[in-house]
Amino acid sequence: MTIEATLWDQEERFWTQGADSARTMSAKNAVFVFPYPTGILSGDALWREADVAQRWRSVVMSERVLSVEGNIAVLAYRVSAERGDTPLYEALCTSTYLKDDAKWLRLTHQQTPAS
């Protein structure tokens with residue numbers, strides 16, 4: 001699998017497979033920024049937060065951009081996600097990955113509501 005395919009696959013699993021999966025794909029000192037009221041999360045707080053722990057039923061990522069420089073990769077995209085009875089969630093997102101040995105780990109993730 002190419003670097004691009006690997007990273008986009010990991011990013012989709014971040015949305016659809018829940019907190020345990022996200023934890024295994026994230027750096028120990030990762031920082032996530034979610035819309036208010038959740039805000040900035042890092043360390044163990046990431047995995048106690050409902051916004052990280054919830055799985056999305058379906059996710060569509062469009063306007064995809066990937067930038068790779070050495071062991072650092074940045075993904076930027078627009079997401080449309082659905083879960084349960086909540087309205088469609090649309091956001092502009094970025095995630096930064098760091099290649100640690102042979103594994104890509106998410107170092108940051110940020111969401112800005114698009115609607």
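This note walks through the fold, the core and a few single residues of a predicted model.

1. **Overall make-up.** The protein chain holds four helices and six strands. Along the sequence they follow the pattern α-α-β-β-α-α-β-β-β-β. The radius of gyration is 13 Å, close to the 13 Å that the globule rule gives for 115 residues, so the chain is as compact as a globular protein of that length. Along the principal axes, the C-alpha atoms fill a box of roughly 40 × 30 × 20 Å.

2. **Surface and contacts.** The accessible surface comes to about 6600 Å². Carbon and sulfur atoms account for 52% of that surface. Of the 115 residues, 37% count as buried. Take the contacts between residues at least 6 apart in sequence: 48% of them join residues at least 24 apart.

3. **The sheet.** The six strands form an open sheet with mixed pairing. Their order is β2-β1-β6-β5-β4-β3. The edges are β2 (39-42) and β3 (58-69); each has a single partner strand, so one side of each is left without a neighbour in the sheet. On average, neighbouring strands are turned by 15 degrees against each other, direction ignored.

4. **The β1-β2 hairpin.** A hairpin of four residues joins β1 to β2. The two strands run antiparallel and share four bridges. V31 stands opposite S42 in β2. The loop between these strands contains P37. Check the peptide bond between Y36 and P37: it is cis, with omega at about 15 degrees.

5. **The β5-β6 pair.** Strand β5 (residues 89-100) pairs with strand β6 (residues 103-113) in the antiparallel sense, over ten bridges. D101 lies in the loop between β5 and β6. D101 has a positive phi of about 60 degrees, although it is not a glycine. Its relative accessibility is 73%, over the 50% cut-off, so D101 counts as exposed.

6. **The nonpolar core.** In soluble globular proteins, nonpolar side chains tend to be buried together. Here the largest nonpolar core has 25 residues. W15, F32, V59, Y77 and V79 touch the most other members. The elements that give two or more residues are α1 (3-16), α2 (18-24), β1 (26-34), α3 (45-48), β3, β4 (72-82) and β5. The largest share, five residues, comes from β4.

7. **V59 in detail.** Which residues is V59 in contact with, leaving aside neighbours within four places in sequence? They are W15, T16, V79, S80 and A81. Of these contacts, W15 and V79 are also named, with V59, among the core residues that touch the most other members.

8. **E63 in strand β3.** E63 sits in strand β3. Its phi is near 50 degrees, a positive value in a residue other than glycine. E63 is exposed, with a relative accessible area of 55%. This backbone angle deserves a look in the viewer.

9. **E90 in strand β5.** E90 is placed in strand β5. Is E90 buried, exposed or partly exposed? At 24% relative accessibility it lies between the 20% and 50% cut-offs, so E90 counts as partly exposed. Not counting residues up to four places away in sequence, E90 touches R78, V79, S80, P113, A114 and S115. E90 and R78 are twelve residues apart in sequence, and their C-alpha atoms are 7.2 Å apart in space.

Key:
Residues are numbered from 1 along each chain as its sequence is written. This is a predicted model: local features need pLDDT of at least 70, side-chain atom pairs count only at pLDDT 80 or more; totals for chains, interfaces and linings use all residues. Side-chain values use heavy atoms; hydrogens and water are left out. Two strands pair if DSSP finds at least two bridges between them. Axes are lines fitted to C-alpha atoms, for helices over the stretch in contact, and angles run from 0 to 180 degrees between N-to-C directions. The radius of gyration is taken over C-alpha atoms; the globule rule is 2.2 Å times the number of residues to the power 0.38. Buried means under 20% relative accessible area, exposed over 50%, partly exposed in between (1.4 Å probe, protein chains only). Contact means heavy atoms within 4.5 Å. Accessible areas come from the Shrake-Rupley method with a 1.4 Å probe; for residues, only the protein chains shown count as cover. A nonpolar core is a set of buried Ala, Val, Leu, Ile, Met, Phe, Trp, Tyr and Cys residues joined through side-chain atoms within 4.5 Å.
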